Structures are given as structure tokens and as C-alpha cells.
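Have the coordinates open as you read, and follow each point in the viewer.

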Amino acid sequence: MTIPYPEQTAGHFVSFALAVTLTVLVLAYPQAVATGAGDLRSGVLALLMWGVAAGFIHGVGFVPRLSLWRIVFHPFIGWVLMAGGIVLLLSV
């Protein structure tokens with residue numbers, strides 16, 4: 001069973017651009033992922049990093065061979081996680 005994987009150039013650009021944007025946002029403004037002094041929102045950060053990893057994997061054009069990894073790092077899952085991360089980080 002093969003999992004369909006999008007092969008469009010515009011999708012690669014969107015994935016890579018979102019991943020870079022979130023990486024820069026988290027690195028430049030780390031207070032966005034913390035609720036207070038030293039209190040890290042680890043659940044949000046873990047989901048955000050999962051989305052960023054999926055964005056970078058798809059953005060550079062890598063296609064996982066194993067079906068499990070195709071599902072885990074599918075670009076649509078990554079896009080949802082990254083968009084949710086942007087909304088959560090900017091709403092702080």
C-alpha cells in the first residue's frame with residue numbers, strides 16, 4: 001500500500017517557507033513558547049516542531065519510503081500543525 005504524497009513545486013515552497021518562518025519566529029522570540037518565567041508550553045512546542053520537521057522534509061523534496069513516515073510527516077499534517085502554531089504563537 002502506498003500513501004499518496006503531493007509532488008507540486010508550489011507545495012514545496014509553502015512547506016519550506018512556513019517551516020523557515022516558524023523556526024525564525026521561535027528562535028528570535030522564545031518568549032512566545034513560554035507562558036511565564038521558565039514555564040514552557042511543551043505540548044504546543046512539540047506539535048509545532050513536528051509541523052516544522054514535516055515542512056522541512058517536504059520543502060526540500062524528500063519523500064519517505066516507509067508508509068508510516070509518509071503518514072507521520074505528510075505535508076498536510078505539517079501545514080495544519082504549522083498554521084496552528086503560528087496562530088498560537090502570535091496570539092500570545
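1. A definition to begin with: buried means under 20% relative accessible area, exposed means over 50%, and partly exposed lies in between (1.4 Å probe, protein chains only). This is a predicted model, in which local features need pLDDT of at least 70 and side-chain atom pairs count only at pLDDT 80 or more, while totals for chains, interfaces and linings use all residues. Residues are numbered from 1 along each chain as its sequence is written, and side-chain values use heavy atoms, with hydrogens and water left out.

2. The overall layout. The chain has 4 helices and 2 strands, in the order α-β-β-α-α-α from the N terminus. Helices (H or I, at least four residues) and strands (E, at least two) are DSSP runs, numbered from the N terminus. Of the 92 residues in the chain, 33% are buried. Contact means heavy atoms within 4.5 Å; among contacts between residues at least 6 apart in sequence, 77% join residues at least 24 apart.

3. Is S15 buried or exposed? S15 sits in helix α1 (residues 9-28) and counts as buried because its relative accessibility is 1%. Beyond its neighbours within four places in sequence, S15 is in contact with G55, H58, G59, P75, W79 and M82.

4. Next, the helix that holds S15. The 20 residues of α1 should span 28 Å at 1.5 Å a residue, and the end C-alpha atoms of α1 are 28 Å apart, in agreement. The expected span is 1.5 Å times one less than the number of residues. The buried residues of α1 are G11, H12, S15, A19, L22 and V26. Seen down the axis of α1, these buried residues fall within an arc of 110°, so they line one face of the helix; the arc is that of the directions from the helix axis to the C-beta atoms. An α-helix has 3.6 residues a turn, so residues three or four places apart point the same way. T9, A10, F13 and A28 are exposed on the other side of α1.

5. What covers the buried residues of α1? The cover includes α2 and α4 (75-90). For α4, the buried residues are P75, G78, W79, L81, M82, G85 and L89, and their cover includes α1 and α2. The span check agrees here too: the 16 residues of α4 should span 22 Å at 1.5 Å a residue, and the end C-alpha atoms of α4 are 22 Å apart.

6. Two pairs to look at in the viewer. A53, in helix α2, counts as partly exposed because its relative accessibility is 29%. A53 and F16 are 37 residues apart in sequence, with their C-alpha atoms 9.8 Å apart in space. P64, in the loop between α2 and α3, is buried, with a relative accessible area of 6%. P64 and H74 are 10 residues apart in sequence and 9.3 Å apart in space, C-alpha to C-alpha.

7. Finally, the surface. The chain exposes about 5,600 Å², and carbon and sulfur atoms supply 75% of it; accessible areas come from the Shrake-Rupley method with a 1.4 Å probe, and for residues, only the protein chains shown count as cover. F16, V20, V24, V60 and F62 make a nonpolar surface patch of about 450 Å². F62 lies in the loop between α2 (42-59) and α3 (67-72). Patches are made of residues with over 30% relative accessible area and no salt bridge, with like charges joined within 9 Å and nonpolar side chains (Val, Leu, Ile, Met, Phe, Trp, Tyr) within 5 Å. A salt bridge is a side-chain nitrogen of Lys or Arg within 4 Å of a carboxyl oxygen of Asp or Glu.
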